Amino acid sequence: MSGPWEQMPLFALPEATLTTSPASTDDAAVPDDDSASVEAGVFVAADQADSEPAVAAHPESSEQSDADYADDAPAPPSLEVDDNEAVDNEAVDGDEGDDDEAGSAAADPPVWEALPAGDEADGHALIVTAAGTYTPSGRELTGPVDSVEKLDKLIRWASLTPLGAPAQIWIVGQAACELLGWIIDPGSEDDVDDMEALRNRAAQELTAVLHATLTPLLNAGWELRGDPGHVVHLSRSIGNFTSMVDVVIEPYVWTYWNKDFGWHNRVGDMGILGAPTAGTYLPDDDLPAARELGRRLAWCAKHLGVLPGPTPARTGAALVDKIKRERIRSGKGIVVTTPGSVPPLDGPPRGDLEPAVGWTRVPEADDLDNAHRLVSIDQRAAYLASAGMLEFGYGQPKHLTGDTAAAAAVTEKGAPFGLWRITLPPGQALSLPEKLPLPHPHMLADQPVQTWVTTVSLDGLCSPVADGGIGAELDDLDITEAWVYPQQGRALDKWAKILREARKAAVDTDDEATKRFLGTCYKGYIGRMVNPDMWTAKQMQHHHQPLWRAAIIAHCRWRGRRVAMRIAREHGRWPVRTVTDSWVYFLADGEDIADASEALGKMSVEKDVVLADTLLSAFTSAQDVHDVNLAIKAAFAEEEDD
């Protein structure tokens with residue numbers, strides 16, 4: 001048994017037990033980049049629902065903890081509710097360790113679960129299980145937290161500080177929820193036709209249970225920011241200072257099912273927790289799950305400098321805001337503080353300004369000649385690569401018409417960032433490859449189309465046909481109108497650099513869990529740029545940048561088309577399908593069309609299957625693109641099953 005608040009490695013063998021005392025919380029300096037806790041508060045306020053209203057701003061110094069002002073802190077407590085009700089601080093039960101070892105004999109744990117946990121998230125987050133409470137690095141703090149009153153005392157004593165987002169208390173395992181009275185029974189997925197109905201029922205029941213049990217926290221001075229759910233957003237004001245803590249309930253994260261977490265009858269990536277379908281979710285048993293969660297929290301703090309947000313998109317936003325605060329303090333670098341809403345455009349809305357490409361063709365006899373494999377290549381971290389390379393516009397755009405608009409596109413440095421109303425010529429009037437999709441998704445084969453495009457597409461259309469464009473001159477595109485931004489620069493370069501380096505660290509250590517998490521972070525954040533309802537709070541509105549997202553999508557699309565032209569020149573192979581940033585080819589044995597470079601944005605092999613006679617027959621007999629899509633799906637599904 002460890003003494004009160006003595007530290008020991010979580011799940012360590014007895015001979016590795018540490019008994020050193022923790023450093024005083026008074027000695028723990030708050031990182032400079034957390035001085036603007038106001039943004040962290042707004043960051044989480046809209047996480048309960050995509051369109052939750054903005055919350056009031058908190059003072060700049062709101063990172064101060066309750067321990068700086070409360071009379072009953074900072075003495076290390078035993079989580080007592082009164083003098084007669086103390087919590088035991090017993091070590092982890094040895095029998096559970098035996099069970100874990102027995103289980104591991106049947107199936108080896110993933111590589112990443114054996115990676116060491118750092119201490120970078122200590123002081124910013126805590127993990128609560130039915131066995132006790134721990135720092136993310138794995139040091140035992142107390143025994144079980146079996147009442148909301150004790151949870152309150154734990155939060156106030158811990159004096160956690162924010163790290164790009166409010167401090168976090170993670171409740172791991174159903175047993176820990178039971179101790180707090182947080183039990184729901186929405187029913188079984190076998191009893192519903194639509195999992196979304198089960199999710200809605202569970203989310204409503206969870207909110208009701210939390211409202212009924214959180215009274216002790218509210219009586220202690222805590223306030224709820226929004227309705228409680230899988231995350232309980234707490235704030236507590238003392239004078240002009242406000243401390244904020246998020247209590248994340250791990251067993252119920254699935255109740256928040258949005259585009260980040262899943263669609264309808266499937267569960268997708270659940271942020272830092274991983275994805276059950278991909279095998280990256282936390283281990284089933286509570287204590288190994290707590291250890292792995294602690295490792296991921298520390299990894300996130302080390303490599304991103306922020307705590308993970310309640311969704312991957314929010315984590316991406318937290319990193320953007322961390323960089324923004326650093327640039328404001330230093331006075332160096334691009335700082336964007338206003339949203340970049342789509343300017344008023346003539347004509348009906350067209351959906352995405354720059355749609356991702358989706359195209360299939362029926363293979364011809366020469367495509368299948370000497371074809372033994374079906375290979376899909378895609379751009380490595382495509383959106384991340386483009387986000388770090390592009391110059392984005394910001395500020396109030398200027399509306400130009402007629403000759404003024406056309407002249408604005410002609411400068412020494414090329415056309416400035418903006419939107420341009422052009423006329424796309426009919427595809428059949430151009431000398432374009434027949435075995436590629438038309439260069440722009442808005443283009444039609446038999447008639448001209450007047451449409452709006454970003455500067456990225458303007459440049460792409462003017463590129464030679466050999467590089468994926470149409471070889472147009474600006475005059476050929478008949479620019480009649482434009483919205484041009486007064487300022488532009490690589491606003492996301494540092495953001496992309498941090499994520500790129502973090503991704504490399506994950507790849508180098510075979511840490512598929514954090515690698516996938518990073519992918520959902522940048523994809524989720526870029527995807528949410530288009531939706532203003534995601535960023536309704538005043539301090540979050542600068543994340544609404546639909547034109548940035550459009551430029552990133554266009555950049556990936558043009559880059560892929562340029563590679564397709566290169567493959568055609570060097571190998572004589574043409575794709576039969578492309579979706580977003582992936583391209584599907586028929587290849588001979590030993591034929592390699594991927595890029596040699598491992599840089600982001602370069603083409604790597606995604607899937608590679610042998611063309612068995614049945615598959616080859618399916619492609620040979622395909623009558624239309626629907627048949628081709630079914631054959632491709634069957635081929636790659638067979639590989640996944642293998």
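Me: What covers the buried residues of helix H10?
Reply: This is a predicted model, in which local features need pLDDT of at least 70, side-chain atom pairs count only at pLDDT 80 or more, and totals for chains, interfaces and linings use all residues. Residues are numbered from 1 along each chain as its sequence is written, and side-chain values use heavy atoms, with hydrogens and water left out. Helices (H or I, at least four residues) and strands (E, at least two) are DSSP runs, numbered from the N terminus. The cover of H10 includes strands S9 (373–379) and S10 (392–394), plus helices H13 (493–508), H14 (512–528) and H15 (546–571).

Me: How many residues of H10 are buried?
Reply: Buried means under 20% relative accessible area, exposed over 50%, and partly exposed in between (1.4 Å probe, protein chains only). Tyr383 and Leu384 are among the buried residues of H10. H10 spans residues 382–389, and the number buried is seven of eight.

Me: Which residue of S17 is the bridge partner of Val579?
Reply: Strands S16 (577–579) and S17 (582–587) run antiparallel and pair over three bridges. In S17, the partner of Val579 is Ser582.

Me: Which strands are the edges of the seven-strand open sheet?
Reply: Pairing in this sheet is mixed, and the order is S3-S2-S1-S4-S7-S6-S5. An edge strand here pairs on one side only. The edges are S3 (140–142) and S5 (223–224).

Me: Which residue in S2 stands opposite Val128?
Reply: S1 (125–128) and S2 (133–134) run antiparallel, joined by two bridges. Opposite Val128 stands Thr133.

Me: Why does Lys153 count as partly exposed?
Reply: Lys153 is found in helix H3 (148–158). H3 lies across strands including S1 and S2, at about 155° to S1. Lys153 counts as partly exposed because its relative accessible area is 25%.

Technical notes
Contact means heavy atoms within 4.5 Å. Two strands pair if DSSP finds at least two bridges between them. Axes are lines fitted to C-alpha atoms, for helices over the stretch in contact, and angles run from 0 to 180 degrees between N-to-C directions.
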